[in-house]
Amino acid sequence: MPRYSITTFGCQMNVHDSERMHDVLRCAGYTEAGSADEADVLVLNTCSVREKAEQKLRSEVGRLARWKRERADRVLVVAGCVAQQEGERLLKQMRAIDVVVGPDNIPELPGLLGDLAIGGLPIARTVFDLDAPRFLVASPPSSSSSPRGAPTAFVTVMKGCDERCSFCIVPHTRGPERYRPSDEIVAEIAALVAAGTREVTLLGQTVNSYRDPLGALPRAPGASADDPDESEFAALLRRVAADVPGLARLRYTSPHPRHLTPSLVLAHAELPVLPRHVHMPVQSGSDRVLRRMIRRYTRAEYVARTRGLVEAVPGLTLSTDIIVGFPGETEDDFAATLSLVREVGFKGLFGFKYSRRPHTPALKLADDVPEGVKGERLARLFEESEALLTAHLSALVGTTQEVLVEGRDKERGHGGAGGALWSGRTGRHEIAHIDGAGELDLLGEVVEVSITRANKHSLQAELTEAARAAARPRQRGGLEARPARRSLPVVAAEGG
Ligand code: SAM
């Protein structure tokens, strides 16, 4: 049986696409190789949101040319956003590549590999499924080693993007917005929960612009008929909460501030399944820059909408994405961004230096902020956000929190005497490492912990007496029998 290996660059959408490629390849009779060296087929699932990510792909392909030369039957596949962006050009530019496959063409991958195996030429398949959008459902869990029993899972609700943010290549690489019927979404979540999943993250490029393509959702309470930013996302959240009562947490990423409407705020206030954390990309705190970015909201609108959310859900925290050094960004514009970070009090932040991307409207603007200035602004931004995070985490020491245990801690030596150290996330998405519970099986449990210490980016915790008394003892081999999310080799997780 041919063996494959997948390397993932980029955001959660790409991690999710890689999981679907695993399913498609396994169904077609491929088995996963222990490493790239053992693989017959190597897939690079790529990101093109920033130039650096694209450059990483090019240097990786250069490095893999030797891997290919070692055996004539080895196959190199490039998938994801760079595949979609470049198509056939990649085959001409880099002779080591055999197959280029776009995100909408993942189901065709086994067929393309089959054609190649019987002497076909290198091929690029990058066609959007506009007429009949496909949303690949994960294969049902078949054994105790299935990754679907993982405590957390992603479920796609829409793909593509109709926004035209001037910096962003996504509309070009992922096409226009297409939505998945809510019946299918609910059925997939119900199947995941039945298999042991506790937390689902709904995925979409502008996830909160969701509308049911079959018109199957009722109007959500608080939804205004004349608000152009209104969508059916709040109604979708309500339906999932009602139809899948076993779900412990329902997250979503990534939303657009335009669709943070009163109906969504009300859903947060009323649905306990929605955790007290939202990632809401703002990009800049300067109205002048927001206008040039074509974000379609002002700073004041962003502040008012997020403030409404925090007032409706006491203790809710916000994180965000910010681009520094956008064309024409002055020191005053950047100061406005820093002041917004302080005003909103973000508890997490992905910061990026602006990067010119092909096919984007901002190409017409001069990339006039020097690289050194971009770097220096990014450092100041991180300094500001680290200070906010440190103060936030320190204030949690001594409190009791509920943690969904996602797996064993990767940071070895950090924890309890010789036993496993568990880690997970609080309802507000803070990472918590649980000490002294190595003898217990906590995977997938929502446990009560006392916070004992604040680390730089995470919390140290201990089970409360009640949680310890209720926990299951660890079976010999039990940890391996119920794995956390498949450990995909994510080379570059750059946020978003
Ligand atoms: N849906 C998200 C939004 O509301 O904008 C976009 C997700 S994007 C894949 C992840 C992040 O990458 C963006 O939020 C933005 O901060 C950053 N990004 C996108 N294009 C960029 C560019 N040309 N240069 C630098 N950062 C960029």
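## Close-up views of a predicted model

**View 1. The loop that carries Gln 283.** Gln 283 is found in the loop that runs between strand E12, residues 277-279, and helix H10, residues 287-292. In this model, which is predicted, the phi angle of Gln 283 is near 80°, a positive value in a residue that is not glycine. Most residues other than glycine have a negative phi. Gln 283 is also among the closest of the residues that surround the ligand, and one of its polar side-chain atoms lies 2.7 Å from an oxygen atom of the ligand.

View 2. At Gln 205, a backbone N or O atom lies 2.6 Å from a nitrogen atom of the ligand, and at Ser 355 a backbone N or O atom lies 2.8 Å from a nitrogen atom of the ligand. Taken alone, the ligand exposes 570 Å², and the protein buries 96% of that area. The space that the ligand takes up is the largest cavity.

**View 3. The shell around the ligand.** The ligand is surrounded by 17 residues, and the closest of them are Arg 50, Gln 205, Gln 283, Asp 321 and Ser 355. Sorted by class, this shell is made up of seven nonpolar, five polar and five charged residues. Two strands, E13 (317-324) and E14 (349-353), each contribute at least two residues to the shell.

**View 4. A salt bridge between Arg 178 and Asp 104.** The closest N and O atoms of the salt bridge that Arg 178 forms with Asp 104 are 2.6 Å apart. Arg 178 lies in strand E9, residues 178-179, whereas Asp 104 lies in the loop between strand E5 (99-101) and helix H5 (109-117), so the pair ties together parts that are 74 residues apart in sequence. For the model, the count of salt bridges comes to 44, and the pair of Arg 178 and Asp 104 is one of these.

**View 5. A cis peptide bond at Ser 254.** The peptide bond that leads from Thr 253 to Ser 254 is cis, and its omega angle is near -10°. Most peptide bonds are trans. Ser 254 is found in the loop between strand E11, which covers residues 249-253, and helix H9, which covers residues 262-270.

How values were computed
Residues are numbered from 1 along each chain as its sequence is written. This is a predicted model: local features need pLDDT of at least 70, side-chain atom pairs count only at pLDDT 80 or more; totals for chains, interfaces and linings use all residues. Side-chain values use heavy atoms; hydrogens and water are left out. A residue is near a molecule or strand if one of its heavy atoms lies within 4 Å of it. A polar contact is a pair of N or O atoms within 3.5 Å; within protein, one must be able to donate a hydrogen and the other to accept it, and residues adjacent in sequence count only if both atoms are side-chain atoms. Accessible areas come from the Shrake-Rupley method with a 1.4 Å probe; for residues, only the protein chains shown count as cover. On a 1 Å grid over the protein atoms alone, a cavity is a set of points where a 1.4 Å probe fits but cannot get out, and a pocket is an open set with protein on both sides within 12 Å along at least five of seven lines; lining residues have an atom within 4 Å of a point. A molecule sits in a cavity or pocket if more than half of its atoms lie within 2 Å of its grid points. Helices (H or I, at least four residues) and strands (E, at least two) are DSSP runs, numbered from the N terminus. Ala, Val, Leu, Ile, Met, Phe, Trp, Tyr, Cys and Pro count as nonpolar, Asp, Glu, Lys and Arg as charged, and the others, Gly among them, as polar. A salt bridge is a side-chain nitrogen of Lys or Arg within 4 Å of a carboxyl oxygen of Asp or Glu.
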